[in-house]
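Please read them with the structure open.

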Amino acid sequence: MEHQIDLQGKTDQQSFEQLLALFETLGSKDAVVATLGHHGEGVVNLLQGQIWGAFEWCPLHFGPPSWQYVLTRTSTKLPKRSIGEFLGADHQRCDALFIKLEEASQTDDIAKATVLFNQFRTGMEHHFAMEENVFFPAFEQATGMTQGPTMVMRMEHRQMRGLIGQGGQALAQGKLDGVSKAGSTLMILMRQHNIKEEQMLYPMADQHLGNNVDTLVRNMQKLSSVEKVAQ
Ligand SMILES: [Fe+2]
Ligand SMILES: [Fe+2]
């Protein structure tokens with residue numbers, strides 16, 4: 001079940017209390033879609049203080065004027081989080097958004113495809129920003145490897161941004177077949193990229209970053225503004 005809640009005009013504390021009350025009622029497959037009048041950093045801070053390890057908080061839309069996030073339960077409550085499980089779960093979320101977009105692109109429903117494309121693009125922008133602005137710099141600092149895997153991953157992000165941009169242009173021209181075409185190349189790149197991260201980079205990072213991992217994941221989850229990918 002999906003709950004919708006409009007928190008525009010509420011303070012961080014009021015938003016947090018309403019979200020927490022709804023969260024307590026959530027089953028494992030339920031979600032709360034929250035619309036805020038500002039970015040959610042203050043709210044996610046309060047959620048982390050109270051239910052850290054038990055929830056995911058992911059963006060569907062970045063404003064202004066409004067910001068939208070989805071709040072769900074993690075499969076099991078984790079005392080500490082790791083790069084591998086946190087970013088791996090976000091890969092799965094972005095994959096699921098992509099599959100929904102692909103399905104909509106097979107129909108003639110441009111309005112639906114546009115909503116889903118924007119959610120997918122926001123998810124990908126956010127994921128790239130979490131890696132490029134928080135995770136990669138910490139990995140590079142801890143290992144001294146600045147010309148290694150993170151350099152390759154940044155390059156692949158650029159390629160994926162290019163394809164997302166192409167999909168956006170096709171959509172703006174009403175060409176859903178163009179969205180599918182850019183999407184199939186993107187899917188191949190995404191799969192290969194995610195496997196490299198999940199099997200190599202994330203485990204290396206969890207090993208090297210040790211006690212800093214939990215804080216790093218908190219900071220990634222709080223990231224509420226991202227650079228836009230090519231339109
Ligand atoms: Fe990546
Ligand atoms: Fe990733």
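1. Helices (H or I, at least four residues) and strands (E, at least two) are DSSP runs, numbered from the N terminus.

2. This is a predicted model, in which local features need pLDDT of at least 70 and side-chain atom pairs count only at pLDDT 80 or more, while totals for chains, interfaces and linings use all residues. Residues are numbered from 1 along each chain as its sequence is written, and chains are lettered from A and ligands numbered from 1 in the order in which they are written.

3. The buried residues of helix 5 are T150, H157, L163, I164, G167, G168, A170 and L171. Buried means that 20 or more other C-beta atoms, placed from the backbone, lie within 10 Å of the residue's own. These residues pack against helix 4 (110-143) and helix 6 (176-209). Just after helix 5, G174 has a positive phi of about 75°.

4. The chain is assigned domain 1 (2-73) and domain 2 (83-222), with bounds from an automatic or database domain assignment. Their C-alpha centres lie 22 Å apart. Eleven residues of domain 1 are in contact with ten of domain 2, contact being C-beta atoms, placed from the backbone, within 7 Å. On the domain 1 side, helix 2 (41-51) and strand 3 (55-61) each give two or more residues, and strand 3 gives the largest share, six residues.

5. Which residues does Q221 contact, leaving aside neighbours within four places in sequence? They are V44 and W57. Q221 is found in helix 7 (residues 213-222) and is buried because 24 other C-beta atoms lie within 10 Å. The C-alpha atoms of Q221 and M190, 31 residues apart along the chain, are separated by 21 Å.

6. An open sheet of four strands has the order 1-2-4-3 and mixed pairing. Strand 1 (2-6) and strand 3 are the edge strands, each pairing on one side only. Strands pair if DSSP finds at least two bridges between them. Strand 1 runs parallel to strand 2 (residues 31-36) over five bridges, and H3 stands opposite V32 in strand 2. Helix 1 (residues 12-24) packs on this sheet, touching strand 1, strand 2, strand 3 and strand 4 (67-73). The direction of helix 1 makes about 165° with that of strand 2; angles run from 0 to 180 degrees between N-to-C directions, with axes fitted to C-alpha atoms, for helices over the stretch in contact.

Notes:
Buried ≥ 20, exposed ≤ 12 C-beta atoms within 10 Å, placed from the backbone. Contact = placed C-beta atoms within 7 Å.
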